Each structure stands twice: as C-alpha cells, then as structure tokens.
Amino acid sequence: MDAVDLLIAERACERLIIDYAALIDAGDWTAVAALYVADGRMSRPTAPDDFVEGRDAILAAFRARPKRASRHICANIRVMVSPGGTATASSQILLFTGPDQAPKVGSYQDRLTLTADGWRFVERRGSLDF
C-alpha cells in the first residue's frame, strides 16, 4: 500500500468512527447497525465486557434503549491499517447526556475490515475512563 492509499484508508476509518457518533446522536439505529459486518460485535462503554453479537442483535439493543438526547465528541482517533484490508483503531469520547448530568469520558478499541460497502466495524469495545 502506497502512502496515498494508506492515507485514504486511514481517513475512511476515521470517518466511520465519526459517522458512528453522529448516527448515535441522531438516534438512527438502522444506520448505526449497518456500520457493522453481519457478525460484528460491540460493547457499550458502560459494560465493556458485555458484548452484543451480530448486526441484528446490535440493532435490537439500540432500539431497546430509552430515548435520550446525547452528544458524542470524538478525539484522538488513531488508525493502524494492515495489509489485506483490516485495521485497528483507538479513540476517546466525551459524552454529554443533559445539562444536569456530568459528562463521561471513555475510550473505544476497534477492529475494522474493508468490505464491498466500505470500511465496517468487526468489533467495537467501549470503556469508561471516568
């Protein structure tokens, strides 16, 4: 992979992470679930070892959440692209859920793969830092 291809892949993975946050904040659960491969898995920052597995189960888990306003701010996104269309990424989030709630700071560790539809999450593991 040459330098330009590497930059394009890194940027596409960064965009996936940013789009995920925007779609979560918009409550567009169908679009959020579509960012995972069919057998992808995720854990929420509040339950980092409790994985939801499979795109359909991820969609059901988001639909089961109570409605709330939220804003996710993503920072320090680091993507490491590997040969063969895979990547890992780490990022931090600052989560706001309302004026009377303290913001939460968390991290994500991601495994990604390049599909016919673009980069998708294979695994997204969240955790709360404080």
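This is a predicted model: local features need pLDDT of at least 70, side-chain atom pairs count only at pLDDT 80 or more; totals for chains, interfaces and linings use all residues.
Local features need pLDDT of at least 70 and side-chain atom pairs count only at pLDDT 80 or more, while totals for chains, interfaces and linings use all residues. Residues are numbered from 1 along each chain as its sequence is written, and side-chain values use heavy atoms, without hydrogens or water.

An open sheet is built from 6 strands in the order 2-1-6-5-4-3, with mixed pairing. Strands are DSSP runs of E with at least two residues, helices are runs of H or I with at least four, and both are numbered from the N terminus. Two strands pair if DSSP finds at least two bridges between them. Strand 2 (52-53) and strand 3 (71-82) are the edges, each pairing on one side only. Strand 1 (residues 36-43) runs parallel to strand 6 (residues 118-128) over 4 bridges. Y36 has F121 of strand 6 as its bridge partner.

Helix 1 (residues 3-26) packs on the sheet. Its contacts (heavy atoms within 4.5 Å) include strand 4 (86-96) and strand 5 (104-115). Helix 3 (residues 55-63) lies across strand 1 and strand 2.

The largest pocket holds about 250 Å³ of space. A pocket is an open set of points on a 1 Å grid over the protein atoms alone, where a 1.4 Å probe fits, with protein on both sides within 12 Å along at least five of seven lines; lining residues have an atom within 4 Å of a point. The volume is the space filled by probe spheres set on the points, which are joined across faces, edges and corners. Of 16 lining residues, R44, P45, R65, R68 and L95 are closest to the centre. Helix 1, strand 1, strand 4 and strand 5 each supply at least two lining residues.

How values were computed: Axes are lines fitted to C-alpha atoms, for helices over the stretch in contact, and angles run from 0 to 180 degrees between N-to-C directions.
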